[in-house]
Each structure stands twice: as C-alpha cells, then as structure tokens.
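This briefing goes through the contacts, core and backbone details of one model. Please look over the sequence and the structure before reading on.

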Amino acid sequence: MAFDIDEYAAGSRAVRWDDLDLDHFRDHPLPADTLRTLRYMTDVEYHTICYTRDLLTTPSHTDDDVARFMVTWNREEFWHGEALATVLRMHGIEIGFDQLRANRLKFGWRDYLDPAGQSALSRLVGKDFIAVHMSWGAANEYTAVSAYKRMAALESDPVLAELLRRIAQQESKHVAFYVSQARKRLAASRKAQIITRFLLDKVWQPVGSSIQPREEVVFVFNQLMSGEAGVAEARRLDASLSAMPGLSGLQIFHNSFSRLLSEHREPEKI
Amino acid sequence: MTEVQERTQFDVRAFTRTAQGRFRDELDLAPFEAEPLAPDDRDLVRFLGRVEGATMEHLRDVLMTATHKDARVTAFLVTWAYERSWIADALDAVLEAHGDPRARAAAEGEARKRWGERRAWRGPLWRTMLAIGQRDAIVGAHMAAGLIDEWVLGAAYQTLAERAGNGALRKVIDRIASIKRRHEEFFAAEAHLRLTTSERAQRLARGELQRTVWPIGSLRRAFADRHRFHEAVFGAAAGRARAEAIGRKVAAIAGLTERIGAKIAARLRKR
C-alpha cells in the first residue's frame with residue numbers, strides 16, 4: 001500500500017514521556033549495561049540530521065513526498081533523542097548540545113569526505129541512486145524498530161519498556177515510508193536493483209556503526225541480538241528486506257549481526 | 001556552545017517543545033467564499049507556500065558545511081523546517097478555500113539558471129569541498145542569511161496583506177507572522193553573536209550574502225513566478241522603499257557594510 005505522507009505528517013506528534021513516572025528511576029535506577037545501550041541509541045537519534053545530509057546529496061529533495069517526510073522524520077527522531085536523553089539525565093548522564101557538537105567534531109575530515117563521495121557517486125549513477133538511499137533507510141529503520149522492540153522485551157523496567165514501545169511505534173512508520181519508496185524505485189529500474197543490492201551487501205553496516213566506536217556497536221548488538229531470539233530476528237529482517245524487487249536472498253542483517261556477535265569478548269572476571 | 005545560549009537568551013529547547021504544528025483547522029477561511037482573493041494575490045500565496053516549504057533545498061546547502069556540527073543550530077533548524085512546512089500547509093488551505101489545488105499539486109513552470117546566480121546552483125560536492133576551508137566561521141553567514149530571509153518574506157507578506165485588503169487573509173498572515181517571529185529572533189541573536197566575535201565569519205558572510213538568492217528556497221522556483229514575486233514586492237516606488245529598508249537593516253548587521261546592504265537591495269529589485 002502506498003504511504004500517505006499527508007496522513008503521516010498530520011498525525012505526527014513528538015513522542016510523549018511527560019505522563020510516565022520517570023521519578024521512579026531515582027529508586028529503581030537502570031543497570032549500567034542498559035544505560036550504555038540507551039546512550040548509543042540517543043546518539044543515533046540525535047544524529048538523524050547528519051544522516052539527512054547524505055540523503056540530500058541526491059536529487060531526492062526535489063520529490064515533494066520525500067522532502068515532506070524528511071521534515072517530519074527529523075523532528076520525530078530529534079524527540080526520540082530528547083526522550084532518551086531525559087532518561088539518561090535521571091541517572092546523572094547529561095547529553096547537551098555541547099556534547100553532541102563535540103561528538104560531531106570528532107569525525108573530522110571524514111565528515112566532509114563522506115557526503116562528497118556520496119555526491120560524486122550520485123552524479124555518476126544518476127536518479128537511481130535515490131533507490132540506494134531509500135533501501136538503506138529501510139534497512140536502518142528496520143534495525144531501529146527491531147532494536148527498540150527487543151530492548152523493550154528484554155527490559156524488566158516497566159517505565160523504560162513503555163517509552164521504548166512508543167518510540168518503536170513511530171519508527172515503524174519510518175520503515176513504512178522507506179520501504180514504499182524503495183519498492184517503487186527498485187521496481188522501476190534494473191540498474192537501481194543491481195547497485196542497491198551490491199552496496200547493501202558489501203557496504204551496509206548496522207545503524208550507528210559509522211558514528212560509534214566499534215566496541216560500542218559490538219556491545220549493543222550483543223545485548224540486543226544474541227541468542228536464538230536474536231538469530232530469528234535477523235532472519236525475519238532479512239526476509240522483509242529480501243521481499244523488495246531485486247534484493248531476494250540478501251542476508252545483510254544475519255551476516256552483520258553474526259560478525260558483531262563473533263567479536264564479543266566477555267569481560268574478564270577478577 | 002553553552003555560552004551561546006546564555007548570551008543570546010534564546011531557549012532552543014523551549015522552541016522545539018512548543019513548535020507550531022498543523023493549524024489550518026484553526027483558520028477562518030469561510031469569508032473567502034464571499035470575498036475571494038484576486039488571481040494575482042493567489043499566485044503570490046502559492047509562491048510563498050512553495051518557498052516556505054522548500055526548507056530541504058536550503059538545508060541541502062547548509063548541512064554540507066560545519067553548520068551541521070552545531071547541535072544547537074541543527075535542533076533549531078529541524079524545528080524551523082517543521083514550522084515552515086505547516087505555514088506552507090496553511091497557505092495551501094487558503095488556495096483550497098478558493099477551489100485551487102494546493103501549491104505542490106499545481107503545475108510549476110521551469111526554473112532558469114541565471115549567470116549571476118551560478119554559485120547558488122553549486123551542488124553538495126562543491127559545497128563540502130569549500131566547507132573544509134570555511135570551517136565553523138560559515139555558521140555566522142548562514143544565521144545572517146536566515147535573518148535577511150525573514151525580512152524579505154516579512155516584506156512579501158506585508159505587501160500581500162496591503163494589496164489584497166482582505167480581512168480573512170490579514171488574519172492568516174498575522175498568525176504566520178507570530179510563528180515566524182521566533183525564527184527571526186533566533187537568527188538575529190545567533191548572527192549577532194557569531195559575527196561580532198569573528199572577523200573571519202564577517203568576511204565569509206560578506207561573500208556569501210552578496211551571492212544568496214532571495215528569498216531562500218526560490219532558486220529552483222519557476223522563473224516567471226520569481227519575476228512576478230520581485231515585481232510585486234520590490235517593484236515600483238513602494239517596492240524600492242521596501243528593498244532599501246532591508247538594505248539598511250543588512251548594513252547594520254555586524255561586519256556588513258552599506259555597500260553589501262545596497263547590493264542586496266539591488267538584487268531584491270532585479271527581476
């Protein structure tokens with residue numbers, strides 16, 4: 001079914017947490033491992049405006065639906081960052097604008113060369129490159145929904161679990177947009193299918209990989225995607241992505257999660 | 001920078017929390033039935049809606065530079081784009097009250113690349129390369145551009161309200177102005193702070209602003225529509241006075257000069 005951008009934009013609200021009892025964290029603080037994963041997720045959410053730069057290297061912004069989606073999507077993701085940052089703040093972990101700016105400054109030259117490279121590639125490939133970005137966005141949003149749902153299921157704290165469920169609900173709409181765009185653009189061009197398939201298979205990495213140290217990525221995906229349930233989730237995500245035109249048989253989630261799981265080392269016991 | 005927030009007194013978090021979403025249902029559009037706008041005025045409403053909604057075109061240029069690293073500025077820009085998209089929606093509601101299609105559903109003519117605007121057409125590849133040398137001094141130029149854009153659009157809304165002489169439209173424009181006031185406030189405070197503290201930022205701003213195409217978001221609009229916009233808002237004697245008034249305000253921005261102000265005023269009058 002086509003994604004209704006008007007309905008999505010009109011129905012969009014900043015995620016709510018003012019009705020949740022966050023004071024409960026004062027007596028029931030979250031474990032350190034959970035806070036570490038939340039920190040990762042917060043950084044990823046706040047970083048959305050920087051992912052938007054990548055999307056804007058293609059002519060995608062000239063498509064009214066895509067441009068309007070970007071506006072609403074950015075706002076929703078910013079509020080996910082704010083919601084998670086509020087939980088962290090209750091635990092004495094402050095993520096202000098200064099901290100975010102400092103994180104972004106750390107990327108240095110790479111931060112300019114990445115969009116330059118994408119822009120060059122986009123000029124080389126032409127309009128079909130939008131299909132790559134839309135499929136990439138779908139893969140990232142699939143991971144995000146899955147991560148929030150897995151964390152909500154694993155998390156015994158009822159307040160955090162509820163907040164994560166609310167965020168996951170909004171992320172599901174982002175999946176719907178990217179999938180509908182990717183499906184349409186892939187179906188229209190064999191070239192788009194070949195390039196998208198190649199880049200997803202060879203270059204894609206789980207969301208957050210480009211902005212977080214490797215050990216954090218390994219830690220978070222081991223928290224969320226280990227065990228039989230994690231393997232089953234990766235298979236389910238691969239099946240969803242593979243259903244798009246020209247992407248059948250891709251196993252990017254299984255392969256990348258497996259790599260991350262294999263790199264995990266248990267902390268040595270003293 | 002924490003000190004930026006302290007010194008500018010603009011609370012970005014409060015702005016993001018209280019952003020204006022969809023408000024077309026709160027507008028009183030029924031009077032347009034008895035007292036419709038003239039076709040020329042509806043054309044101007046359509047053009048303004050397209051420009052207000054073209055935030056991603058602008059962010060495409062801005063985010064390729066160091067401006068994207070400043071999380072306080074990007075938090076503002078995310079919300080600014082959101083509010084502008086709903087301003088565009090309100091202008092669509094005015095068109096729809098006349099039985100016209102909304103702006104994006106109406107056919108738009110071709111954009112034309114003018115020689116004098118060739119630098120504004122530069123794509124992301126160019127901009128990221130330039131950004132490496134500009135570093136965060138470019139943020140001041142972007143903030144000043146946002147401020148001047150508010151003045152240009154403010155003049156356009158005022159012209160439209162005066163020309164149409166329509167009570168219902170005046171109320172819509174007043175509502176829009178109340179939303180845009182906070183945009184102007186942010187851009188003014190940021191531009192002042194960044195340009196008064198860095199000569200390099202001033203130098204970059206002088207170069208950038210002379211080449212900016214006003215209003216922001218109009219570069220890719222139909223050539224004929226742009227022509228009509230500049231004619232309506234900055235043409236004739238009253239329009240010249242509006243353009244010159246903006247030029248004087250530009251000259252008063254830290255590090256900018258009367259010559260820059262006059263150049264921008266002349267650009268506004270160029271059709």
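The model is predicted. In it, chain A and chain B meet through 28 residues from chain A and 30 residues from chain B. The largest nonpolar core has 147 residues.

**Contact between the chains**

- On the side of chain B that touches chain A, the elements giving two or more residues are α5 (55-62), α6 (71-97) and α7 (124-134) of chain B.
- Of these, α6(B) gives the most, with 9 residues.
- Sorted by class, this side of chain B has 15 nonpolar, 8 polar and 7 charged residues.
- Helix α6 of chain A (residues 97-106) packs against α6(B) at an angle of about 105°, and the axes are 8 Å apart.
- Angles of 65 to 115 degrees count as roughly perpendicular, and α6(A) and α6(B) are therefore roughly perpendicular to each other.
- From α6(A), the residues A:F97, A:L100, A:R101 and A:R104 meet B:A71, B:R72 and B:A75 of α6(B).
- The contact of α6(A) with α6(B) has 4 nonpolar and 3 charged residues, and no polar ones.

**Helix packing within each chain**

- Two packed helices are described by the angle between their axes and the distance between the axes.
- In chain A, the axes of α5 (residues 64-89) and α9 (residues 158-187) come within 11 Å and cross at roughly 160°.
- An angle over 145 degrees counts as roughly antiparallel, and α5(A) and α9(A) are therefore roughly antiparallel to each other.
- The crossing of α5(A) and α9(A) is left-handed.
- On the α5(A) side the contact is made by A:V66, A:F69, A:W73, A:E76, A:H80, A:A83 and A:V87, and on the α9(A) side by A:L160, A:L163, A:I167, A:Q170, A:H174, A:F177 and A:Q181.
- By class, the contact of α5(A) with α9(A) has 9 nonpolar, 4 polar and 1 charged residues.
- In chain B, helix α4 (residues 39-52) packs with α6(B) at an angle of about 160°, with the axes 8 Å apart.
- α4(B) and α6(B) are therefore roughly antiparallel to each other, and their crossing is left-handed.
- B:R42, B:V45, B:R46, B:L48, B:G49 and B:E52 of α4(B) meet B:R84, B:I87, B:A88, B:L91, B:D92, B:V94 and B:L95 of α6(B).
- The residues of the contact of α4(B) with α6(B) are 7 nonpolar, 1 polar and 5 charged.

**Core and burial**

- In soluble globular proteins, nonpolar side chains tend to be buried together.
- Within the largest nonpolar core, the residues with the most contacts are A:A138, A:L241, B:A144, B:I148, B:V152 and B:I246.
- α6(B) gives the most to this core, with 17 residues.
- Leaving aside neighbours within four places in sequence, A:L241 is in contact with A:A138, A:A139, A:Y142, A:L247, A:L250 and A:I252.
- In helix α4 of chain A (residues 48-56), 9 of the 9 residues are buried, so α4(A) is largely enclosed by the rest of the structure.
- The buried residues of α4(A) include the charged A:R53 and A:D54.

- B:A155 is in helix α8 (residues 138-164) of chain B and is buried, with 20 other C-beta atoms within 10 Å.
- B:A155 and B:R242 are 87 residues apart in sequence, with their C-alpha atoms 6.9 Å apart.
- Not counting residues up to four places away in sequence, B:A155 touches B:V233, B:R242 and B:I246.
- A:L35 is in helix α3 (residues 32-46) of chain A and is partly exposed, with 16 other C-beta atoms within 10 Å.
- A:L35 and A:I93 are 58 residues apart along the chain, and 9.0 Å separates their C-alpha atoms.
- With residues up to four places away in sequence left out, A:L35 touches A:L30, A:L88, A:H91 and A:I93.

**Backbone features**

- Most residues other than glycine have a negative phi, and most peptide bonds are trans.
- The peptide bond from B:W214 to B:P215 is cis, with omega near -15°.
- B:P215 lies in the loop between α10 (199-211) and α11 (223-234) of chain B.
- B:A236 is not a glycine, but has a positive phi of about 55°.
- B:A236 is in helix α12 (residues 236-251) of chain B and is exposed, with 11 other C-beta atoms within 10 Å.

Terms used. Residues numbered from 1 in each chain as written. Chains lettered and ligands numbered in written order. Predicted model: local features only at pLDDT ≥ 70, side-chain atom pairs only at ≥ 80, totals over all residues. Contact = placed C-beta atoms within 7 Å. Helix = DSSP H or I, 4+ residues; strand = E, 2+ residues; numbered from the N terminus. Axes fitted to C-alpha atoms, helices over the stretch in contact; angles between N-to-C directions. Parallel < 35°, antiparallel > 145°, perpendicular 65-115°, else oblique. Left-handed = near helix turned anticlockwise from the far one by under 90°. Core = buried A, V, L, I, M, F, W, Y, C linked by C-beta atoms within 7 Å. Buried ≥ 20, exposed ≤ 12 C-beta atoms within 10 Å, placed from the backbone.
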